[in-house]
Amino acid sequence: MAHKILLIDDEAGFTQLLKMNLERIGDYEVEMENDSLKALATIRRFQPDVILLDVVMPGLDGGDIQARLQDDSKLSSIPIVMLTALVDSTELSEGAVAQAGSQMILPKPVDLQLLLRVLGEILSKAEE
Amino acid sequence: MGNSSVIESVLDNLPVALFAKEVTDNFRFVVWNKKQEEVTTIPAERALGKNDYDLFSNESADYFRKVDQSVLRRGKATEVPEEIITTENQREVHLRTIKIPVHDQETGRILIVGISEDVSEQVQSRRQLDRLNRHLLRANEELQITQLQLIQAEKLESIGRLAAGVAHEVKNPLGLLLLGVDYLSQGILPDDPNLPTILQQMREAVGRADRIVRGLVDFSSQRALTREPTDLASVIEAVLLLAKHEIVRSNTTVELQIRDGLPLVFLDMSKFEQVLINLVINAIQAMESSESRHLTIHAWEEILSNVSRNEGARTRELFRSGDRVVILEIRDSGPGIAPSDANRLFDPFFTTKATGKGTGLGLSVARRIIELHSGTLSLKNRTDESGAVARIVLPTKIPTSRVSIRSVSVEALKEEASNSVDTKTKKLTS
């Protein structure tokens, strides 16, 4: 069964192109949510295996959404990968990336190969 | 004592220089009193019986003769505001002279009587005053140029504050482009239904990055004040684009209430943007710890009906009842202005921000920019709810050159100043 990935980012173009890439490369079912205020409802409905979450968004930002997920016992186990243009990509070492968990941070612009590797690790860990 | 000697002592004791020349006897001097001796440094015994050509340079004598003839033609007392004679010791003496034609019916003799006053000192001080005035005008111009430089310095600070946000806004379209490239590098299938969307998104991303970079470049450019008829809505749009990141990041909602059909205002777009950026960023920072962060930008046209006392001195000075103005208000939902700060908001270097967060020049420079636009900027607390409101009032009529700043460098001005002083000094000493 295809893994379910939810993209939460206010940039509709970005989520659209990322979805197209992910669906073309891997066996993923990707959904997008561009309105941060609707994010929690979408998560509950879609029940993703992993969430790619933008940090800077109008309404609720990535940190707010993550905090709310942690408060919800049904959702707190969903792994999250934060995507942000705030971090300089040089600040993120390969080592940091290998530390897969629910608090991954990847820099924007997104390195697709890196993202695929991270997704692979998170999803295989979840299946263990 | 005969009559003539009485007259002589009377004349010699007059506090003004007096002479008479006999037109009918080749303009020879017949009267030359003591004061006239003093002023001209020519003793009476040398002057009497001589005419102007015997006593003064040909050039001066020609001039005196021309004036005399004109006085004779007019047939009445005539004032010569400034005559210059060079004395024996080469001193220039400036005289104010009244020349009176006298026709003695009995003898048929025609005389010109002159009464002179030495006005050299007044002339000197008037020249000095002119010189000082010119210096003052130049200093004022330099001051205006310095102000423009200060405005530019403050602008660079704003750019620093915006830079991170602008970088973020450029990174987004770049990221999108990269995703497009990633997709296309996996192979291009002619019947792939995603292709049009991807190409369209990539094209838009380039346009978006271009707009934001161009906006920053336009904003940074240093120019003398150049005002053009401008659509206020487009300025506000450009400002919101530059500040977009700060707005989104702080989770601020922006409400625009721009009345349709606003008249064009006469603006220096880049400097006016600087003011709005400043006010918007200030408002965002003021709302940092507020529950709701709401920014309203409201612009409308108004005909001033009652420029009352409580409008403040500047408004009363610039605007009159009946003036058509455009009013722009930026309202925030922050805590408002503390009463203790209200009077100092526009003071240079006054800041409520932590050290390193701002120089405190923003508002004073903003006000100066608005004043260069013949408008007013005020900052008050809102009366409807918590928060502050910045209010800009701008005239809609194209101003007569109330402010004119030439685009010259300070160096050029200084050079010009020293040149003109030199030539003046030369004239005086030659």
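**Group meeting: cores, a sheet and a helix**

Okay, let's start with B:Leu232, which touches B:Leu262, B:Val265, B:Leu267, B:Phe272, B:Ala299, B:Val326 and B:Leu328, leaving out residues up to four places away in sequence. Keep in mind that this is a predicted model.

B:Leu232 belongs to the largest nonpolar core, which has 55 residues. It is among the residues with the most contacts inside that core, along with B:Phe272, B:Leu276, B:Leu279, B:Leu328, B:Ile330 and B:Ile392. The element that gives the most to this core is helix 10 of chain B, residues 269-286, with nine residues. There's also a second, separate core of 30 residues, and that one includes A:Leu18, A:Val110, A:Leu116 and A:Leu119.

Over to chain A, then. Here we have an open sheet of five strands, order 2-1-3-4-5, with parallel pairing. Strand 2 (28-33) and strand 5 (104-107) are the edges, each pairing on one side only. From one strand to the next, the twist averages 20 degrees. Strands 4 and 5 of chain A pair over four bridges, in the parallel sense, and A:Leu83 stands opposite A:Leu106 in strand 5.

Now helix 3 of chain A, residues 62-71. Which of its residues are buried? Those are A:Gly62, A:Ile65, A:Gln66 and A:Leu69. Covering them are, among others, strand 1 (3-8), helix 2 (39-46), strand 3 (50-54) and strand 4 (80-84) of chain A.

Terms used: Residues numbered from 1 in each chain as written. Chains lettered and ligands numbered in written order. Predicted model: local features only at pLDDT ≥ 70, side-chain atom pairs only at ≥ 80, totals over all residues. Heavy atoms only, no water. Buried < 20%, exposed > 50% of the residue type's maximum accessible area, 1.4 Å probe, protein only. Helix = DSSP H or I, 4+ residues; strand = E, 2+ residues; numbered from the N terminus. Contact = heavy atoms within 4.5 Å. Core = buried A, V, L, I, M, F, W, Y, C linked by side-chain atoms within 4.5 Å. Pairing = 2+ DSSP bridges. Axes fitted to C-alpha atoms, helices over the stretch in contact; angles between N-to-C directions.
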